[in-house]
Amino acid sequence: GYAELPTAVNITWSSINFKTILQWQPKPLGYFYTVEIHGQTSDTKKKCILTTETECDVTDALQNVKETYIAHILSVMPTEMDDFEEPPFAVSEKFTPYTQTVIGKPEIKNYTQKGSKLTVVIKDPLTPYTFPNGSFQSIRDIFQHDLEYKLYYWKDQSSGKKDVTTKSNTFEVSVESTKNYCFYVQGIVPSRRENRNGQDSTITCTSVGRSILDEYGAEVFIIIAVIAIAVITLAIVLPVILCKRKKARAAREKEPLNGV
């Protein structure tokens, strides 16, 4: 019966840009799981009914992203069991999408380095939620003015890093016009107590005014110089040695043979 069924353990919420997956253990053997999502004010929603999997996409059950939810993971038998008997279940930790979803990697839409100004434009990551017309909402549409972006930038081949923050999607920073710069961006929600900083974007570098020395570094030129000196030295010394050997051989050939 139901009383003998094991219940789920190690229940975790995994959420990036509001796409939320519930995971747990163990794999069921001879029974199934059904997930119930309970909100503070919303109706209970059932997800992944009679599944043998140990994860469930519950994104569309968390439409009110500022509400706090808990999940009940029911251990259930096939439908021929007594419908009036309450199955055992495990309860998850509380989860609030607005404060707990991870801000995913922003996309660098475009960038330019003109003179002493570096301009970087960011594209907001999209969420699984849609507008009535079917287009996807971005994290900006949900967080509004709570969302900021931070740009980390540094001279190429240098370890000194600077950062600047904006509430818009565009950065404009002053740089040295003859130097190339590398940078990456992350989304930030300062109003959060935890999980404020999102994932880093990919690192991008400009290629304006890049010299051969910047490209390969001084060490390569030192190695080339040493090799060049060695080749020149060999080109001077080798003929001298060969000439001396030739003269010595000629002198030996002119000496009279012993006993003649």
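A disulfide here is a pair of cysteine sulfur atoms within 2.5 Å. By that cut-off, C182 and C205 form one, with their sulfur atoms 1.9 Å apart. The torsion about the S-S bond of C182 and C205 is about 105°, so this disulfide is right-handed. C182 lies in strand β15 (residues 181–188) and C205 in strand β17 (residues 204–205), so the bond ties together parts that are 23 residues apart in sequence. Strands are DSSP runs of E with at least two residues, helices are runs of H or I with at least four, and both are numbered from the N terminus.

Before going on, the provenance. This is a predicted model, in which local features need pLDDT of at least 70 and side-chain atom pairs count only at pLDDT 80 or more, while totals for chains, interfaces and linings use all residues. Residues are numbered from 1 along each chain as its sequence is written, and side-chain values use heavy atoms, with hydrogens and water left out.

Back to the cysteines. For accessibility, buried means under 20% relative accessible area, exposed means over 50%, and partly exposed is in between, with a 1.4 Å probe and protein chains only. C182 is buried at 3%, whereas C205 is partly exposed at 34%.

How many disulfides does the structure hold? There are two. The other one joins C48 to C56, S to S 2.0 Å. Its torsion about the S-S bond is about 95°, so it too is right-handed. C48 is partly exposed, with a relative accessible area of 26%, and C56 is buried at 1%. Counting bonded cysteines along the chain, the pattern is 1-2, 3-4.

Now the rings. Rings of Phe, Tyr and Trp (its six-membered ring) pair if their centres lie within 6.5 Å; planes under 30 degrees apart count as stacked, over 60 as edge-to-face and the rest as tilted. The structure holds ten such aromatic pairs. One of them is W24 with Y33: the ring centres are 5.5 Å apart and the planes stand at 80°, so the pair is edge-to-face. W24 is buried at 3% relative accessible area, and Y33 is buried at 0%.

Y98 and F143 make a tilted pair, 4.9 Å centre to centre with 55° between the planes. This pair links distant parts of the chain, with Y98 in helix α1 (residues 97–100) and F143 in helix α2 (residues 139–143), 45 residues apart. Y98 is buried at 10%, and F143 is buried at 2%. Both belong to a cluster in which ring pairs link F18, Y98, Y129 and F143.

Y98 also has a lysine over its face: K66, at 4.8 Å from the ring centre. The criterion is NZ of Lys or CZ of Arg within 6 Å of the ring centre and within 35 degrees of the ring normal. K161 lies over the face of W154 in this sense, at 5.4 Å from the ring centre.

Last, the sheet. Two strands pair if DSSP finds at least two bridges between them. Three strands form an open sheet in the order β8-β9-β14, with antiparallel pairing. Which strands are at the edges? They are β8 (107–114) and β14 (170–174), each pairing on one side only. Seven bridges join β8 to strand β9 (residues 117–123). Among the bridge partners, L118 in β9 is that of Q113.
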